[in-house]
Amino acid sequence: MPVLEINSISKAYGRIKALDNVSFKIPKGSVFGLLGPNGSGKTTLLSIVLDVLQSDSGRYNWFGESPSHLHRKKIGSLLETPNLYHYLTAVQNLRITQSISGRGNEEDIHAVLEKVNLHERKNSRFSTYSLGMKQRLAIAAALLGNPDVLVLDEPTNGLDPVGIAEIRDLIKELAIDGHTVIMASHLLDEVEKVCDHVAILKHGHLIACGTVEDVLSAEDCLLLSAADQLLLTEKMRAYPGLLRMNTTAEGLECYFAKGASSAEMVNRFCFEQGLVLSQIWVKKKRLEEKFFELTNE
Ligand code: ADP
Ligand code: MG
């Protein structure tokens, strides 16, 4: 059973369509990346499933059931910079968060500080923390009550490389501890490094979804030429395992799932179809190129 199932959700702000009929499922135990450029609808979608914002249409289910207060207790979230007090220590801040949210107990405060690796600095004032430590304390606040699911919106935004690495490691550890983590990010590199599943949003449309391996792994691409390019295109259309083709000035680009085909197999196939290739060139697609392709016009 998926942790979260999103079904045909749409949302407009006046004339701006922020989400258009978005559906996907988030598997239990995954580190799920919601990937898309700025303005693609990530925060809007997270706000809707956290019941901060109302969708115009569509539904979502948490843990296989309609959303309820019971489910809310199993979800920790960090949507925007939380209210943490600069002049208070980590422990004092978490006590306040706890009394407002009603999640967890005193013991829990120490447990979450251990989890985010701030226990040694638990009695230091928030104002003395680095940006990375502040963000880890914010995540600690979201972890009070030991929620099954953690929803994080751009958790590494504004951090320096050290802070970014710490948050990434923390997210991986949380997943090992059994939390399902749902995080929005505009960074392909981040999703690739941290997540095992991904959904890609572009202008409010879902354009790809699945395991990171399936969605982002480089496809194999062969560039083919023959005397009769049209006949080549026609024949290749029937090639088993072909994902798509693209006619370019350099030749016919043929895309295959990684490892599903080879230059030799394609060469033999064409020859058997009565076509002699004048060129086969193995092209490697880079991930950046793939992401660019997915998110640009
Ligand atoms: P992301 O988090 O991917 O950057 P958002 O969900 O914040 O995207 O925004 C999606 C689109 O909706 C953008 O075009 C944004 O300008 C617009 N938008 C977001 N919030 C509001 C709002 N409160 N009022 C009007 N437009 C909004
Ligand atoms: Mg956002």
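Ser225 touches Leu232, Glu250, Gly251, Leu277, Ser278 and Gln279, leaving out residues up to four places away in sequence; contact means heavy atoms within 4.5 Å. This is a predicted model, where local features need pLDDT of at least 70, side-chain atom pairs count only at pLDDT 80 or more, and totals for chains, interfaces and linings use all residues. Residues are numbered from 1 along each chain as its sequence is written, ligands are numbered from 1 in the order in which they are written, and side-chain values use heavy atoms, without hydrogens and water.

Ser225 sits in strand β10 (residues 220-226). Strands are DSSP runs of E, at least two residues; helices are runs of H or I, at least four; both are numbered from the N terminus. Ser225 is buried, at 12% relative accessibility. Buried means under 20% relative accessible area, exposed over 50%, partly exposed in between (1.4 Å probe, protein chains only).

Ser77 belongs to strand β5 (residues 75-78). Its relative accessible area is 27%, so Ser77 is partly exposed. Beyond four places in sequence, Ser77 touches Leu50, Arg72, Ala142 and Val151.

Now the ligand. The residues around ligand 1 (a heavy atom within 4 Å) include Tyr13, Pro37, Lys42 and Thr44. Helix α1 (42-49) and strand β2 (16-26) each supply at least two shell residues. The largest share, three residues, comes from α1.

Polar contacts pair N or O atoms within 3.5 Å:

| Residue | Part | Distance to an oxygen atom of ligand 1 |
|---|---|---|
| Ser40 | backbone | 3.1 Å |
| Gly41 | backbone | 3.0 Å |
| Thr43 | side chain | 2.8 Å |

The protein covers 60% of the 560 Å² of accessible area that ligand 1 has on its own (Shrake-Rupley method, 1.4 Å probe).

Conventions. Polar contact = N/O pair within 3.5 Å; in protein donor to acceptor, adjacent residues only side chain to side chain.
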